Each structure stands twice: as C-alpha cells, then as structure tokens.
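Have a look at the sequence and the 3D view, and then read on.

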Amino acid sequence: MKINHPLVKGIVKEIKPNIYCVLVDDHYDRAMLFCRYQEFYESPYKQFRGKPFTWMEYMRFYKNSWKKRTFTYPDDWAGYNIPCNVVQKANHIFCKDTEYDQIMNDIYFYCANDSTEKNNGTTCDWYLIGSSSKDLRTMDHEIAHALYFINKEYKKEVTKLIEKIKPTHY
C-alpha cells in the first residue's frame, strides 16, 4: 500500500508473514502517525494507556513531563510497534480525529484485510511496526517485538533468555 497523503509519504508492506511495516522516512511524520496509537498501547502514563485522549492533552502532558519547552516526541522516538488487537481498539477511538488518524485508519484496514486474505479468509493475528527504511537497527528492534507477538517458538526462546537476565542488568 502506498501512502501518498499531503502529510505523510511512505509505504506499508508485509516484511515477514503477518508483520506489516509502515515505512515513512520523515521522522516527524512517522512519529505523528504512530504517537497516539503507540501511547494507547504502552504509554508509561496511566491516563493515556488504553484510554481515549486528544492530541492537545497528550502533547501538553508530554512536554511538561519531560520539562521541555516544546513537544519533542518526534525527536525522542524512532520506531513503533503495536499488535493488531490494540491497533483495532485504538482505531475505533481515534479513527477520524485528525488527518494522521485517518491515515492510520487506512493502514489498519489494509493490514487487517491483507492478512485475512492471505489466511484463506480467516482472521489472524498480525503486527504493525513503523520505521524508516534508512534505519535498519530500529527496524530490527521493532521486528523483534513483532516476532514475540506472532511467533510462539520465538516468544518461548526469548522468554527463557529474559528470565536468565539478572535484575541488576535491566
């Protein structure tokens, strides 16, 4: 899927089975596209995780939390990862609020339809990541999150490794 919107240029493609990557090279546009969905998924702030919120609420809170003069989220984060069930929930809440949310709505439906079509018409789990095509380290990191969700064997092996890490090394 090609994203050719006045705000965002990029592509969405399946990079591994059931792992869809939104490749947007503009750091700001990628962050603004993913911010609300990512924070809905795993925000460290309980007033945002799993809850509806506006752009203005989040931007002001983030700026004040980090004691910055401006909203620096696009400079602070490079990659994003969200499981399909969370994308779906967030999409129902945010789908038409802003142009970024409308683009994410299109991405959601593309991935949901494509994954179902490739699974013989049966709904299946998929994962959405966001990265720059020029930042392979971030892409590898986000793929690891996706594999943890999608691939049961990978999750089992990684969980064993994580359990061996001493808490002092976290």
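**From the surface to the rings inside**

Let's start with Tyr170, which is found in the segment after α7 (152-163). Bear in mind that we're looking at a predicted model. Is Tyr170 buried or exposed? Its relative accessible area is 70%, and over 50% counts as exposed, so Tyr170 is exposed.

Now for the ring pairs. A pair of aromatic rings is described by how far apart the centres are and by the angle between the planes. With a limit of 6.5 Å between centres, the model has 24 aromatic pairs. Take Phe53 and Phe94: their ring centres are 5.3 Å apart and their planes meet at 70°, so this pair is edge-to-face. Phe53 sits in the loop between α1 (27-42) and α2 (55-65), while Phe94 belongs to helix α4 (residues 84-94). That's a link between distant parts of the chain, 41 residues apart. Phe53 and Phe94 are both buried.

Trp55 and Phe71 give us another edge-to-face pair, with 6.5 Å from centre to centre and 90° between the planes. Trp55 is in helix α2 and Phe71 is in the loop between α2 and α3 (73-76), so their pairing ties together parts 16 residues apart in sequence. What about their exposure? Buried means under 20% relative accessible area, so Trp55 counts as buried at 10%, and Phe71 is buried too, at 17%.

Note on methods
Residues are numbered from 1 along each chain as its sequence is written. This is a predicted model: local features need pLDDT of at least 70, side-chain atom pairs count only at pLDDT 80 or more; totals for chains, interfaces and linings use all residues. Side-chain values use heavy atoms; hydrogens and water are left out. Rings of Phe, Tyr and Trp (its six-membered ring) pair if their centres lie within 6.5 Å; planes under 30 degrees apart count as stacked, over 60 as edge-to-face and the rest as tilted. Helices (H or I, at least four residues) and strands (E, at least two) are DSSP runs, numbered from the N terminus. Buried means under 20% relative accessible area, exposed over 50%, partly exposed in between (1.4 Å probe, protein chains only).
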